[in-house]
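The structure is shown first, and the description follows.

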Amino acid sequence: MKFSKGAAARIAVATVGALVLVGTAGAAFAAEVGDQDVNVSVDIPAVDGPGSLSLTVAGTSATLTESASGNPEVRQFDGALPTVTVTDTREVADIPADHFWYVVGQASAFTGPNGASISADHLGWTPRLVDGGDTGLVAEGEAVATSEDTGEDAVGLVDQELLYTALESAAVKQSGESSWTADAALTLKTDAGVTPGAYTSKLTLSLFEDVFTQP
């Protein structure tokens, strides 16, 4: 049994007093008879705060499987990005004027067997707005083609590319909505002579809020 310093001091004083009164009495030894636990609990309520703008993704992985590319010199692999949700729990009055939010994605190179790799420009996507609410102020980004395709958008996900955006944060929230979702079709294209094996890449999704400035 362990006592605090104060309690031990008080017990020591009482013991000395007893020895003075009793004189020749022998020291007594305490024997533990039993013990019982006491559960201490507390219910701490949530603090009402200013709310927040946040991003969640319904999954941590996406698998691509081969499909027909229509070109004997190109191999194509398709998949789907897990659903991405933006949630805004702020009061409208707490959202700065002229602000808008947007979600972007950027991929790393695919790493494969024995040092083989596929650069991120071979991965493209086609964003799709799943639930943008009724305001018409939430919009999906443009499709981004791969470097195996042609055209100005054939750049892949090397840099941050737009998945979807709210054109005005306060106006979207003022409608009574608080969350919006999007996903994307993913497409990887490689040359026909790509080294076979398992490849992995990291697709980073980021949520930003910025202020709109007139040009």
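## The largest pocket

In this predicted model, strand β3 makes the greatest contribution to the lining of the largest pocket, supplying 4 residues. β3 spans 74-88, and β10 (179-191) and β11 (203-211) likewise each provide at least two lining residues.

The volume of the largest pocket is about 630 Å³. Its lining comprises 27 residues, and those nearest the centre are Ala-62, Leu-64, Phe-110, Tyr-199 and Ser-201. By residue class, the lining consists of 17 nonpolar, 9 polar and 1 charged.

## The largest nonpolar core

The largest nonpolar core contains 28 residues. Within this core, Leu-81, Trp-101, Trp-125, Leu-163 and Tyr-164 have the most contacts. At least two core residues come from each of β3, β4 (99-107), β7 (123-131), β9 (161-166) and β10. Of the strands, β10 gives the most to this core, with 5 residues.

Asp-210 is located in strand β11. Its relative accessibility is 35%, so Asp-210 is classed as partly exposed, a category that lies between the limits of 20% and 50%.

Beyond its neighbours within four places in sequence, Asp-210 is in contact with Asp-98, His-99, Phe-100 and Tyr-102. Asp-210 can also be related to Ser-169: the two are 41 residues apart in sequence, with a C-alpha to C-alpha separation of 9.6 Å in space.

Terms used:
Residues numbered from 1 in each chain as written. Predicted model: local features only at pLDDT ≥ 70, side-chain atom pairs only at ≥ 80, totals over all residues. Heavy atoms only, no water. 1 Å grid on protein atoms, 1.4 Å probe; cavity = no way out; pocket = protein on both sides within 12 Å on 5 of 7 lines; lining within 4 Å. Points joined across faces, edges and corners; volume = space filled by probe spheres on them. Nonpolar A, V, L, I, M, F, W, Y, C, P; charged D, E, K, R; others polar. Core = buried A, V, L, I, M, F, W, Y, C linked by side-chain atoms within 4.5 Å. Buried < 20%, exposed > 50% of the residue type's maximum accessible area, 1.4 Å probe, protein only. Contact = heavy atoms within 4.5 Å.
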